[in-house]
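Here is a friendly walk through a structure that may be new to you.

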Amino acid sequence: MTSFFKATVAATALALGASAVSAAEITYVSGAVGNAVEDFKKIVAPWEAKTGHTVTLVPMPASTTDQFGQYRLWLAAGNGDIDLYQTDVIWAPQLADHFVDLSATAGELMKSHFPSIVESQTVDGKLVALPLFTDAPALYYRKDLLEKHGASVPTTWEELTATAKAVQDAERAAGNNDIWGFVWQGNAYEGLTCDALEWVKSSGGGQIVEPDGSISINNAKAAAALELAATWPGSISPEGVLAYQEEEARGVWQTGNAVFMRNWPYAYGLGNGSDSSVAGKFGVTTLPTGQGHDTSAATLGGWNVAVSKYGDNQEAAIDLAMYLADAEAQKTRSIIASNLPTIVSLYEDADIAREQPIIPQWKDVFLQAVPRPSAPTREKYNEVSTLFFSAVHSVISGNAKAADALAGLEDDLDDLLN
Amino acid sequence: MSSDKSTNASPTAGKTLNLEQQRVRAAYMFLAPMLIMLLIVAAWPLFRSISFSFTDATANTIFNGQSEWIGFDNYVEKKIRSNGTIRWKGVLVDGDWWNAVWNTVRFSIVSVALETILGLLVALVLNAEFKGRGLVRAAVLIPWAIPTIVSARMWGWMLNDQFGIINEIMLTFHLIDKPIAWTASSDTAMIAVLMVDVWKTTPFMALLILAGLQMIPRDMYESARIDGIHPLRVFWRVTLPLLRPAILVAVIFRALDALRIFDLIYLLTPQSDSTITMSVLSYRELQQFGDYGEGSAMSTLLFLIITGFVLLYIKLGRVDLSGEKS
């Protein structure tokens, strides 16, 4: 007890002494998934060594909705404790007023990034946040099972439905009772907005609210896309898929019980881990298209770093944001966490290609990325998304017909936005 | 009290307070810290949330005071669409809100009823003399001691349709022929939530009822036994009537808790229409949509509904909360 006490006193004295000597202590807040905390330490270590500042990571819950609610409260209250916020790609229009405009400082750096991502973080000419990494989902498929049953990788949703059913039935007939055709994210949450936007957009049904603000969701193609998805639970997908988020889908997939999965890149590294029963047995490709539409769609995800207007160490914070968005930090992040860089040239980088062979491959997926309608709906986005995923959820759980649900949704969106 | 004046008499008798007045004053002084705390942590937030419900406050305006008074528009508002049709808006005409009210009431009645019956049974068992009673009493409390977030996550995995142990057990015993998606399917989501809540809160009920049981004088049972009265009759005629006050108070505590349930439902079946409660809905409005006006209107209605239920219950059950009769 005494030695513990002494140690505590010593540590406190050390910490106090250190902060008195060194420069700023930067606080960085971010959701923590998987190894995020450890990885972040590795990524900022060189910057800390160079500048003498220290960075403290404040970990938040993994759910982006929960993070958003907390951040908005802190920002509205002008909280000075947090210097930097790690922000979701959809937040920029809603939180723009609270962040420092980085367009002058980072203008040059942004030229090396994908223009569409920089565009998503620009609100009324103001650069709200700098991109750290991007995210786009893909279709994971079991190479071994498709080969065994002589099936090819599907390119349309209709093909996927048929192939999943055929392989699932054949496997079950052979005694593999736990196998399912397709797992995805059917829980009523932001993830379902992403999944359903992909079904609709890749079938030529628009993107819910178009960039010019018009509400496009109530159309026959969108309804048909949802009707097709509504046939999945209970046939090619377990009924529980209606409560699945990313991790539940990965759980079924990684235990070898699914032929196809829709998921984000993080599942690639984990799926090839030593404890995975599908390691080396699967491939990834772009998501299918539907109803004869020609281009597939992958919801644009990804994270950015924004500098709070109210932080106590703004100058050092901007410097850190610039460092994190630059090539060196992005490369480290790609290699240790298999995150997709937002700097175009890193997709040709030899080190990344060697350590994470999937990243260069993902460029194709990423080129078909479609943004969620956060720009035209601004501070109403969360409500729009909730209305959308609630309507979709009622269709896929069989409680409503797609046409009725979408007509109701159009009315609700009209009331909300106009 | 007639002797007060004489014992209290002193040279400055005209100004000093008599004993009764001194006691009242002392009582207020002892109560003051608590009353001030209650004002700060209960009355003030309640007043703020009621006053927000009459404004158009959003997450961006609650701190800078730029919100405006809009009367009852958050509760009910007539809006005319661009195409001329009329649309009623506001919490009172919101189908989602009434669905949440129904879910909350349904959940509260069923869960409190089950917990009271099971709690009574557990309490009767724990009241009996047997070896290791202390150990069993402690063990029964474990579900209550586990934080809700932990038990919700734990049950979430146990109820999982693919890897869940509940499905595994039921399949092994051929009670079902295919796994049930407990938390996902709208038919079973409420059952799953009730199951976890009953598991978690029965010990609390048992504890409160057990305390009541131990207040019953032993000699009543003794004389009943000497008279050779059947134990069941003793239960209905002696135990239950004497337990009534304890049970009624326990039910009030639980009902208050159940009517504002948030954590279990938010964690186990987020956003499911078949389980969403008033608290979860108002949280969504406040925290996720940042609509403090409408969210506060929901909180205010929630407060009124709970108050109404409790008053009704106290009146119907003639619960003696003042302790004057006993």
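Predicted model: local features only at pLDDT ≥ 70, side-chain atom pairs only at ≥ 80, totals over all residues.

Let us begin with chain A, which holds 19 helices and 13 strands. Its radius of gyration is 23 Å, close to the 22 Å that the globule rule gives for 418 residues, so chain A is as compact as a globular protein of that length. Along the principal axes, the C-alpha atoms of chain A fill a box of roughly 70 × 55 × 45 Å. Of its 418 residues, 51% count as buried. If you take the contacts in chain A between residues at least 6 apart in sequence, 72% of them join residues at least 24 apart.

Chain B has 13 helices and 2 strands. For its 326 residues, a compact globule would have a radius of gyration near 20 Å, but the value for chain B is 26 Å. The box filled by the C-alpha atoms of chain B, again taken along the principal axes, is roughly 85 × 70 × 30 Å. Here 30% of the 326 residues count as buried. Among the contacts in chain B with a separation of 6 or more, 63% come from residues 24 or more positions apart.

## A sheet of five strands

Which strands of chain A line up in the order 2-1-3-12-6? These 5 strands form an open sheet, and their pairing is mixed. At the edges you will find strand 2 (54-60) and strand 6 (130-135) of chain A, each of which pairs on one side only. From one strand to the next, the twist averages 20°.

Inside this sheet, strand 3 (residues 84-88) and strand 12 (residues 301-307) of chain A run in the antiparallel sense and pair over 5 bridges. To find the pairing in the picture, look for Leu84(A), which stands opposite Val307(A) in strand 12 of chain A.

## Ala321(A) and its surroundings

Leu84(A) and Val307(A) turn up again around another residue, Ala321(A). This alanine lies in helix 13 (residues 314-325) of chain A.

Leaving aside residues up to four places away in sequence, Ala321(A) touches Leu84(A), Leu102(A), Leu130(A), Val305(A) and Val307(A). Tyr28(A) is 293 residues away from Ala321(A) along the chain, yet their C-alpha atoms are separated by 10.0 Å.

## A sheet of four strands

Chain A also has an open sheet of 4 strands, in the order 8-9-7-10 and with mixed pairing. Its edge strands are strand 8 (180-183) and strand 10 (282-285) of chain A, each pairing on one side only. On average, neighbouring strands of this sheet are turned by 15° against each other, direction ignored.

Strand 8 of chain A pairs with strand 9 (residues 258-263) of chain A in the parallel sense, over 3 bridges. Val183(A) has Met261(A), in strand 9 of chain A, as its bridge partner. Helix 8 (residues 157-173) of chain A packs on the sheet and touches both strand 8 and strand 9 of chain A. The direction of helix 8 makes about 140° with that of strand 8 of chain A.

## Two helices side by side

Now turn to helix 10 (residues 220-230) and helix 18 (residues 381-396) of chain A, which pack at an angle of about 50° with their axes 8 Å apart. That angle makes helix 10 of chain A oblique to helix 18 of chain A. Helix 10 brings Leu226(A), Ala229(A) and Ala230(A) to the contact, while helix 18 brings Val392(A), Val395(A) and Ile396(A). By class, this contact has 6 nonpolar residues, no polar ones and no charged ones.

## Where the chains meet

How many residues of chain A are in contact with chain B? There are 21 of them, in contact with 21 residues of chain B. On the side of chain A, the elements that give two or more residues are helix 3 (64-76), helix 11 (246-254) and helix 18. Helix 3 of chain A provides the largest share, 5 residues. The side of chain A that touches chain B has 9 nonpolar, 8 polar and 4 charged residues.

Conventions. Residues numbered from 1 in each chain as written. Chains lettered and ligands numbered in written order. Axes fitted to C-alpha atoms, helices over the stretch in contact; angles between N-to-C directions. Parallel < 35°, antiparallel > 145°, perpendicular 65-115°, else oblique. Contact = placed C-beta atoms within 7 Å. Nonpolar A, V, L, I, M, F, W, Y, C, P; charged D, E, K, R; others polar. Rg over C-alpha atoms; globule rule 2.2 N^0.38 Å. Buried ≥ 20, exposed ≤ 12 C-beta atoms within 10 Å, placed from the backbone. Pairing = 2+ DSSP bridges.
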